[in-house]
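Here's a quick tour for someone meeting this structure for the first time. Have a look, then read on.

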Amino acid sequence: MNRDTLLEILQTLSNTHGTSGDEIEVRRALRPYLEGHVDSLRVDAMGNLIAHKRGAGTHALRVLVTAHTDEVGLMVVDHTGDGGLKVETTGSIDARLLPGLEVRVGKDGLPGVIGLKAIHRADDDESVTAVEHLAVDIGARDRDEALELAPIGTRMTFATTAHPLGKLFAGKSFDDRAGCTALVALLQGEPLPFDLFGVFTVQEEVGLRGARVAGYTVAPDAAFVLEGTIADDLPKEEEGSPTSQVGKGPVVTVMDRSYIADPRLVRYVVQVAESAGIPYQFKQPGIGGTDAGTIHLTREGVPSITVAIPCRYIHGPISLLDPQDLEHTIALLRAALEQLTPEVIRRS
Ligand SMILES: [Zn+2]
């Protein structure tokens, strides 16, 4: 797939709104990219979109590759007397990023602005923001109108439109629409030597929930999780290594807060990257969590690994990635899957 096509898919998926538990628009956006390229496509009770691509039958393996469709966002939890919306986060968002941002509210994408007391009136101790101090302004006249336009449970996401930024690409929700883009590219490619199950999961940001069910349904022999992960190479810290860096290639997880990656798969993926001349980096261990955290514990256990695209400023209104990292991630995943045999994950 050429870079323009790849970035067009990323742009479409990034501009689509879908917070945890409300991923329907993302599924709708994905379908046209998958139909005709896979043998079956279905949605389970949770909302996971499950694509099955039959293999050549060389190996009797079932391999699961996932990317999550949900993004972090906000949910209306109360209304103020003057027409403002009180919100709670779905997934982790640094509330310091929120004041003054524009958001899209509800199914119709009503414009809203996240309000905070004017700086001219703020006390010193209010310089640090907490989400309970914020109210989203949708221009409602009063509480009744706000209730009608945005009842409790209404979702909202950042009003960001994806665009090129220097040699990088900018947009919201690259965690994990970048992973979804990579999974689309994989599924559009040639069949593998075994059956591939590509699952676009739900509710990752609130506790890896969709993946728990998808792992059970697919009952895979091995799982590869595609992510958009933390690249904190800018601003540079004085001490300590960054979690990952933009432009340095796919990020391989050894251990995060949710699981320890299967050491055989880690060795295998690294060896494939080295022999194919694809750059890679290790994610600084102990940070974050991914769908592999629940998948590896399903049924009798599933050897699992996470390969991620490094993205700056994830969980914020605009994240940045290097298109070359996305391409390298797709190339590494394809090479690793094409060469995967039962021996790689055979227990001794
Ligand atoms: Zn993620």
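What follows covers the domains, a helix pair and some strands.

This is a predicted model, where local features need pLDDT of at least 70, side-chain atom pairs count only at pLDDT 80 or more, and totals for chains, interfaces and linings use all residues. Residues are numbered from 1 along each chain as its sequence is written.

**Domains**
- The chain is split into domain 1 (3-71 + 172-345) and domain 2 (74-158), with bounds that come from an automatic or database domain assignment.
- Their centres, taken over C-alpha atoms, sit 32 Å apart.
- Where they touch, domain 1 and domain 2 each put in 11 residues (contact means C-beta atoms, placed from the backbone, within 7 Å).

**Helix pair**
- Helix α2 (residues 24-34) packs against helix α4 (residues 174-188) at about 25 degrees, with axes 10 Å apart (helices are DSSP runs of H or I, at least four residues, and strands are runs of E, at least two, numbered from the N terminus; axes are lines fitted to C-alpha atoms over the stretch in contact, and angles run from 0 to 180 degrees between N-to-C directions).
- Leu30, Tyr33 and Leu34 of α2 meet Cys180, Val184 and Leu187 of α4.

**Strands**
- Strands β6 (residues 102-105) and β7 (residues 110-115) pair antiparallel over four bridges (pairing takes at least two DSSP bridges).
- Val103 faces Gly112 of β7.
- Four residues link β6 and β7 in their hairpin, where Gly106 has a positive phi near 75 degrees.
- β7 also pairs antiparallel with β8 (residues 135-137), over three bridges, and Val113 has Asp137 of β8 as its bridge partner.

How values were computed
Two residues are in contact if their C-beta atoms, placed from the backbone, lie within 7 Å.
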